[in-house]
Structure formats: C-alpha cells, structure tokens
Amino acid sequence: QVQLVESGGGLVQPGGSLRLSCVASGDFYAINDMAWYRQAPGNQRELVAVVTSGGATTYGDSVKGRFTISRDNARNTVLLQMNSLKPEDTAVYLCYAEAYSYNYSPRKFWGQGTQVTVSS
C-alpha cells in the first residue's frame, strides 16, 4: 500500500511560520491529488489545501493567503508552507493522497498526522 509520512509540525508563536512535509512511499504507480487536512479537538476534519498531479491548487477559506501547498512529483512529496500562523490553526495536520497502481484502482490514503500548536 501507500505510506504517508509527515514531518515539520511543532510549537510556534502566533505570526510564525512552519513548513510541513509529507513523503509517499510503497506500492503505487502514480498519485493523483495530494492534500493537507486538519482536525482540531472536537472539530470535524477540514480541508486545508489540495494540489492535483498537474499542480492546480485550492485552499480552504480560513488559510487562503497564508498557506501555500506545493508538490515535488519526482520525490512523491507534498509541502505545506504555513505563514502568519494563528492560534486557531492549532490542529493535527494530516497528509492525504489518492494513488493507484496496475493492481488497484485509485484509493485514498492518510498519514498519521503531525501536531501543529500555535501559542504564545
């Protein structure tokens, strides 16, 4: 299957920046969309940003103008640059990918998540 390993989370002060990385590995031929979701305690999972295999991006309204998603297809990596962080950005950030191989149709895969805490 596909393993998604996130890194880059941590504690940052309001107004600060973090960069999250997610690397996909395992049994797949290609990856379609890659995305970042987040889930704060007591909240439902929400879309932060998504990038297609061709590089088209969309963002959730709450992060628009502050976050940037990008991907490196050669390294099967998706990045999330987070600037001007706010306390309300505090959440577990989860990497998502839709991947397929010659042996299976497109499937959804999730990483374990990385904690981002924005606090003074």
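Biologist: A disulfide is a pair of cysteine sulfur atoms within 2.5 Å. In this predicted model, what makes cysteine 22 and cysteine 95 a disulfide?

Modeller: Their sulfur atoms lie 2.0 Å apart, and the cut-off is 2.5 Å, so the pair qualifies as a disulfide. The structure holds one disulfide. Cysteine 22 belongs to strand S3 and cysteine 95 to strand S9, 73 residues apart, so that distant parts of the chain are linked.

Biologist: What is the handedness of the link between cysteine 22 and cysteine 95, and are the two residues buried or exposed?

Modeller: The link is left-handed, with -85° about the S-S bond. Both cysteine 22 and cysteine 95 are buried.

Biologist: Why is serine 21 called buried?

Modeller: Serine 21 has 15% relative accessibility, and buried means under 20%; therefore serine 21 counts as buried. This residue lies in strand S3. Beyond its neighbours within four places in sequence, serine 21 is in contact with Val5, Glu6, Ser7, Trp36, Val78 and Leu79.

Biologist: How do you know that strand S3 and strand S8 pair?

Modeller: Pairing requires at least two bridges, and S3 (residues 18–26) and S8 (residues 77–82) share six bridges in the antiparallel sense; therefore the two strands pair.

Biologist: What makes strand S9 and strand S10 a pair?

Modeller: Four bridges join S9 (residues 91–100) to S10 (residues 107–110), and at least two are needed, so these antiparallel strands pair. Alanine 99 has arginine 107 in S10 as its bridge partner. A hairpin of six residues connects S9 to S10.

Biologist: Why is glutamine 39 called partly exposed?

Modeller: Its relative accessibility is 29%, which falls between the limits of 20% and 50%, so glutamine 39 counts as partly exposed. Glutamine 39 is found in strand S4 (residues 30–39). A polar atom of its side chain lies 3.1 Å from the backbone oxygen of asparagine 43. The C-alpha atoms of glutamine 39 and aspartate 89 are separated by 9.5 Å, although the two residues are 50 apart along the chain.

Biologist: Why is the pair of tyrosine 29 and tyrosine 100 called tilted?

Modeller: The structure holds six aromatic pairs. In the pair of tyrosine 29 and tyrosine 100, the ring centres are 6.0 Å apart and the planes stand at 55°. Tyrosine 29 lies in the loop between S3 and S4 and tyrosine 100 in strand S9, so the pair ties together parts 71 residues apart in sequence. Tyr29, Tyr100 and Tyr102 form one aromatic cluster.

Biologist: What makes the pair of tyrosine 37 and tryptophan 110 edge-to-face?

Modeller: The planes of tyrosine 37 and tryptophan 110 are 65° apart, with 5.0 Å centre to centre. An angle over 60 degrees counts as edge-to-face, so the pair carries that name. Tyrosine 37 is in strand S4 and tryptophan 110 in strand S10, 73 residues apart. With a relative accessible area of 34%, tryptophan 110 is partly exposed.

Key
Residues are numbered from 1 along each chain as its sequence is written. This is a predicted model: local features need pLDDT of at least 70, side-chain atom pairs count only at pLDDT 80 or more; totals for chains, interfaces and linings use all residues. Side-chain values use heavy atoms; hydrogens and water are left out. Buried means under 20% relative accessible area, exposed over 50%, partly exposed in between (1.4 Å probe, protein chains only). Contact means heavy atoms within 4.5 Å. A polar contact is a pair of N or O atoms within 3.5 Å; within protein, one must be able to donate a hydrogen and the other to accept it, and residues adjacent in sequence count only if both atoms are side-chain atoms. Rings of Phe, Tyr and Trp (its six-membered ring) pair if their centres lie within 6.5 Å; planes under 30 degrees apart count as stacked, over 60 as edge-to-face and the rest as tilted.
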